[in-house]
Amino acid sequence: SVKKLDTNAANFTVKACLRYTTAARSDLLRYVSAESTVKIDQNLRRATFSDSQGQGNTLTLQTRLVRDSFHCWPLTIKLKENIGSVIQPIEISMEYKIKDDASVNREKTFCKMCPVVDPHKPTSIYTKVPFAHGCKEKDVCYADLKVVAQASNRGKPLVLGRDSKLTVNVTVMNAGEPAYLTKLEFTLPGRNMLAKLPKNCYQTEIDISTKPQKEVILCNLGNPLIAGTDTYNLVPTGFEVDVSSVPIHTSSLTLNATAWSSSEETKPKDNTAILDIPLKLVSRVDITGNTLQKHIIVGSQGENDTEDIPVVHKYEIVNYGPSPIGSVLIRFKIPIAYSPPAANHELLYANLPNPQVIVGGHIFRCDVEYSGLDTPDIDSLRASGWNDRDRSQGRPVAGSADTTDLLQRRRRSLTTWSFNDTNTDEFRIKRALYLNCSGGKEVLTGCALVNCEVGPLSSQNRAEVNLELFINRTVLGTMLNDVDLIQISSVGRVDILEAEKYDVPWEYRSKVTTVETEMMGEVGGDGLPSWIVPLSIILGLLLLLLLIKCLSNCGFFKRTTKEKLITMKEKAAEDEFEILNFLDETEDDNKSFNLDEE
């Protein structure tokens with residue numbers, strides 16, 4: 001009924017006709033039965049028959065044809081709503097065959113008067129009904145799509161831990177013929193990275209078998225996406241990408257935006273835009289230490305005293321961020337043995353159980369090595385509560401040999417570290433013993449080297465380590481026989497592993513701190529005799545009286561200022577008395593003169 005279908009059309013009509021002719025005599029084969037099959041849009045299924053004989057995209061028609069006459073069927077074809085694809089025309093086909101109504105068996109009995117189809121004539125017909133899609137050709141449109149993507153960081157690196165979101169604006173332009181069923185595919189490198197789905201977009205099903213698993217978002221842009229007369233037809237789409245959960249070993253994010261349509265693309269190279277978002281790690285670590293046992297006075301052992309004196313050096317490691325740190329190596333040195341001068345033996349005065357690092361409820365084990373003197377006797381350590389597990393490699397995992405080799409390679413990549421004893425000669429006191437692991441030649445010490453690999457360490461997260469020393473009271477008493485004070489110093493250091501990945505100045509990549517504990521013995525000797533206290537009081541009073549007497553004789557208690565004030569008052573009174581006497585005499589002389597005059 002139409003030459004071209006409107007893209008918004010609901011239906012159209014088709015007339016299907018059959019005509020029967022034959023070369024036989026006119027009085028023979030006047031009628032013949034036939035069956036016709038009409039099919040519509042079998043591939044795309046955009047249309048169906050709406051007829052009393054049934055609905056669908058295939059319709060079977062049976063009839064009895066009259067010789068040399070047409071038989072037609074008017075068919076109504078209904079188009080589906082929002083069919084989208086309108087470039088390909090609606091395809092309609094029709095085929096027929098002669099239907100044999102005879103009841104005889106054709107395989108055994110030949111029918112001389114039964115009609116057959118002329119093999120030189122076609123038994124089917126095929127036609128197309130195009131859409132009015134606005135393109136030059138009937139069954140193809142040539143579009144020119146272009147994708148432009150821009151991120152909110154504008155080329156600057158994102159700082160993990162500080163920058164949590166990234167906005168990506170994707171614009172699709174068309175400079176050619178109408179682009180039908182235009183779609184935009186936005187691919188993210190990980191799952192659940194999109195904070196909010198844009199309008200007309202949906203998430204595709206994830207193939208869990210692919211690694212790494214990516215997230216693909218599809219957006220319906222336009223149907224059709226038409227090019228403007230003077231300018232491009234722009235369709236912007238904004239994506240909010242959540243980068244807060246990006247793994248810290250990621251150096252960049254790759255975002256892919258691709259557009260396509262059912263039209264033919266003239267320039268497919270500009271249909272894809274790829275954004276490489278650089279990532280940056282900015283972190284700074286610090287280590288601090290303290291102890292509640294800064295000063296310990298070692299007395300004689302009482303009945304309730306244990307053989308060991310517990311001393312805890314507590315260290316705290318903080319990542320001040322803003323980025324998380326994949327792994328840090330925490331190392332400690334603490335003296336546990338001492339070799340007296342001119343002695344051929346060593347004193348193991350302290351035991352150090354295997355330390356642990358606690359980070360937010362997670363426990364990381366450390367390993368302990370020894371340097372300086374001979375390795376402490378294993379039997380003595382076990383007797384003190386140590387076991388082989390305490391001395392083994394921390395954080396046991398499958399393939400421990402590989403893990404140990406990796407940890408050793410990381411340690412070798414770090415600079416060999418040491419520290420200077422803060423107690424220089426000018427601050428040292430006599431009869432004091434300074435035990436540390438600075439490597440000085442004056443005091444030979446055996447040190448326990450503790451290594452702990454911890455990670456990840458998020459921003460503002462804290463790692464706590466307690467170095468619990470159990471100092472043998474008997475050995476310590478022996479050492480205090482020769483000195484009055486013993487100072488034990490432990491040192492802790494934290495290093496960022498693979499620090500070259502982090503934007504950290506050299507002065508912040510490693511931090512060192514020390515913790516000291518001083519121990520001294522009680523003052524010995526017998527108690528004072530009872531007569532010394534009264535005698536001292538009496539002698540003190542006599543000395544006080546003698547001092548007062550001497551000061552009095554020297555005029556210390558005389559108030560010279562008051563005496564001068566009294567003298568001045570007396571003199572002033574005498575002067576006033578003389579003036580009054582003079583005035584009285586003058587008055588008497590005047591009176592005598594007046595009498596004489598009279």
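## Ground rules

Because the model is predicted, local features need pLDDT of at least 70 and side-chain atom pairs count only at pLDDT 80 or more, while totals for chains, interfaces and linings use all residues. Numbering runs from 1 along each chain as its sequence is written, and side-chain values use heavy atoms, with hydrogens and water left out.

## Ala34

Ala34 sits in strand E2 (residues 31-40); strands here are DSSP runs of at least two residues, numbered from the N terminus.

Leaving aside residues up to four places away in sequence, Ala34 touches Leu18, Leu61, Gln62, Thr63, Leu65, Lys97, Ile98 and Lys99 (contact is heavy atoms within 4.5 Å). Leu65 is 31 residues from Ala34 along the chain, with their C-alpha atoms 6.9 Å apart.

## Ser327

Ser327 lies in the loop between strands E23 (308-319) and E24 (328-339).

## The cores

The largest nonpolar core has 85 residues, and Val168, Phe186, Val357 and Ile486 have the most contacts inside it. A core is a set of buried Ala, Val, Leu, Ile, Met, Phe, Trp, Tyr and Cys residues joined through side-chain atoms within 4.5 Å. E24 supplies the largest share of this core, six residues.

Apart from this core lies another, of 29 residues, including Leu59, Trp73, Ile92 and Phe131.

Key
Helices (H or I, at least four residues) and strands (E, at least two) are DSSP runs, numbered from the N terminus. Buried means under 20% relative accessible area, exposed over 50%, partly exposed in between (1.4 Å probe, protein chains only).
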